Amino acid sequence: METNLWEKYSGDKRKPVEDFCAGYKDFLSTCKTERECIKFAIKHAEEKGFVSLEKLMNSHSTKKLKPGDKVYGVNMNKAIVLFIVGKQPIEYGVNIIGAHIDSPRIDLKAKPFYESAGFCMLDTHYYGGIKKYQWTTQPMALHGVVVRKDGSTTDIVMGENDDAVVGFSDLLPHLQKDDKKDIKGEDLNIIAGNIANPKAKKDKFKDFVLEVLKKKNITEDDFFSAEIEIVPAGKARDFGLDSSMIMGYGQDDRVCAYTALKAILECEAPEFSAMCILVDKEEVGSTGATGIRSKYFENCLVEIMNLCGQYSELGIRRALNRANMLSSDVTAGIDPNYLAPFNLATDAHLAKGISFNKYTGSGGKYGANDANPEFIAQLRRAMDDEGVTYQANEMGKVDEGGGGTIAYIMAMYGMNIIDAGVPVLNMHAPWEITSKVDIYEAYRCYKTFYKMPIKK
Ligand code: MN
Ligand code: MN
């Protein structure tokens, strides 16, 4: 159960791992916001025969969905539910995998433009848990959307490929001898330009940058109705002289989102209904209309059961109560440079397979989901039968580590749920690191999960 997985994937056996990870790297390089992930998911789902739930609801067709049919529902362009109708009635239970597609980053404020010392600046508000100093002196890109008063939209991607980048500056060591690294959130400001527009009467530096944006038909006021995320510029790439790992932005939790998406896209005619949920807002407490606490995914299930001719209030409650779920979220991989907070025997190692966390929470397991051993035994059997390599972990030493995912929220339905994800180094930093073999094993784990029988 705990070898270095590269032994299993040596020689010719490395090829499928590399092929899978090449697709993953492309995804990471282009999908740096929730909306970009949703666009990617819709495109690939439609190619595999998934039909829009909204279209079905509006079609007034009396044709019922049948086993094997595939449906997807999109919530505000920032969350998606993919569903395959099982051979068994939906109320017998659903196999659900849930991952999040939001990642720590720095957002533009709704009124971002100002000037300081002859520069055009952009004011920001960080999103999620970050060590702020890590985000300074990095090449950064702007990804997002601007919605004008008339409803027209423009997607923004500035700072990728050979585009000009922007960024947060930091002081030279000569002027900051103590190296305190205590950057205040309010001081994370983007340097956006340094040319004074001679024609402008005031705010000449701001004016020059706004002239650039005018070419995209975007005004300063349009930033109030915009979502612009400042993310690390550049592509995901191989890491290590042996190319065994991947370094890329947003792997928490897009590594699990991509593998879960791949698993449901390749799932055909499952015995029990299969569902994949990719959600927003996990990094800020799963709140809001697009977070997992929103009723959206439950409403989707209601609509799908209705389209199957299987809707009843009791049926919905049974389907959720009998569900099996993997909360697919990353965990902390043991860092060879910082061993102190880890327990080497019980924490996750890179290249040792998908990591199951029976419970999360912190301190005396406060705030934990705690998976049932009966469910874990079924998972062990299914994974062992398929030869999926896994590890049973915590996240950091007792009283030092801990955290929460979407698991404890979904557990409120009374379903079986456990955290299962890929170990990550540099978590929440601009460039996170994962192992290729763990990514491949997560994908194999999720494919296996969708075939599991539900016993409840
Ligand atoms: Mn996460
Ligand atoms: Mn996170």
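Predicted model: local features only at pLDDT ≥ 70, side-chain atom pairs only at ≥ 80, totals over all residues.
Strand β4 spans residues 94-100, and seven of its seven residues are buried. In a regular strand the side chains alternate between the two faces of the sheet. In β4, one set of side chains consists of V94, I96, G98 and H100, while N95, I97 and A99 point the other way; the residues of both sets are all buried. Two strands pair with β4. With strand β14 (residues 273-279) the pairing is parallel and comprises seven bridges, and in this pair S273 of β14 is opposite V94. Strand β15 (residues 324-327) also runs parallel to β4, to which it is joined by four bridges. Here M325 of β15 is the residue opposite I96.

Strand β17 (residues 354-357) is likewise covered on both faces. I354 and F356 lie on one side, S355 and N357 lie on the other, and all are buried. Strands of a sheet pair through backbone hydrogen bonds, either parallel or antiparallel. Both senses occur around β17. Strand β19 (residues 390-393) runs parallel to β17 and is connected to it by four bridges, with Y390 of β19 as the bridge partner of I354. Strand β21 (residues 416-421), by contrast, is antiparallel to β17, and three bridges link the two. In that pair, A420 of β21 is the bridge partner of F356.

A further sheet is open and consists of seven strands in the order β8-β7-β11-β5-β6-β10-β9, with antiparallel pairing. Its edges are formed by β8 (153-158) and β9 (167-168); each has a single partner strand, so one side of each is left without a neighbour in the sheet. Within this order, strand β7 (residues 140-147) and strand β11 (residues 226-232) are antiparallel and share seven bridges. G144 is positioned opposite I228 of β11.

The loop between β9 and β10 contains D187. A residue counts as exposed if 12 or fewer other C-beta atoms lie within 10 Å of its own; D187 has 11 such atoms within 10 Å and is therefore exposed. The C-alpha atoms of D187 and F40 are 34 Å apart, and the two residues are separated by 147 residues in sequence.

Two packed helices are described by the angle between their axes and the distance between the axes. For helix α2 (residues 34-47) and helix α5 (residues 251-265), the axes come within 11 Å and cross at roughly 15 degrees. Angles under 35 degrees count as roughly parallel, and α2 and α5 are therefore roughly parallel to each other. The crossing of α2 with α5 is right-handed. On the α2 side the contact involves C37, A41, H44 and A45, and on the α5 side R254, A257, L261 and L265. By class, six of the residues in the contact of α2 with α5 are nonpolar, one is polar and one is charged.

Helix α5 also packs against helix α10, at an angle of about 45 degrees and with 8 Å between the axes. This angle makes α5 oblique to α10. The crossing of α5 and α10 is right-handed. Residues V255, C256, T259, A260, K262 and A263 of α5 form the contact with I439, A442, Y443, Y446 and K447 of α10. The contact of α5 with α10 comprises eight nonpolar residues, one polar residue and two charged residues.

The remaining pair consists of helix α1 (residues 14-30) and helix α10 (residues 436-449), which pack at about 90 degrees with their axes 9 Å apart. Angles of 65 to 115 degrees count as roughly perpendicular, so α1 is roughly perpendicular to α10. V17, F20, C21 and Y24 of α1 meet K436, V437, I439, Y440 and Y443 of α10. In the contact of α1 with α10, eight residues are nonpolar, none is polar and one is charged. I439 and Y443 of α10 are listed both in the contact with α1 and in the contact with α5.

Key:
Residues numbered from 1 in each chain as written. Chains lettered and ligands numbered in written order. Buried ≥ 20, exposed ≤ 12 C-beta atoms within 10 Å, placed from the backbone. Pairing = 2+ DSSP bridges. Axes fitted to C-alpha atoms, helices over the stretch in contact; angles between N-to-C directions. Parallel < 35°, antiparallel > 145°, perpendicular 65-115°, else oblique. Left-handed = near helix turned anticlockwise from the far one by under 90°. Contact = placed C-beta atoms within 7 Å. Nonpolar A, V, L, I, M, F, W, Y, C, P; charged D, E, K, R; others polar.
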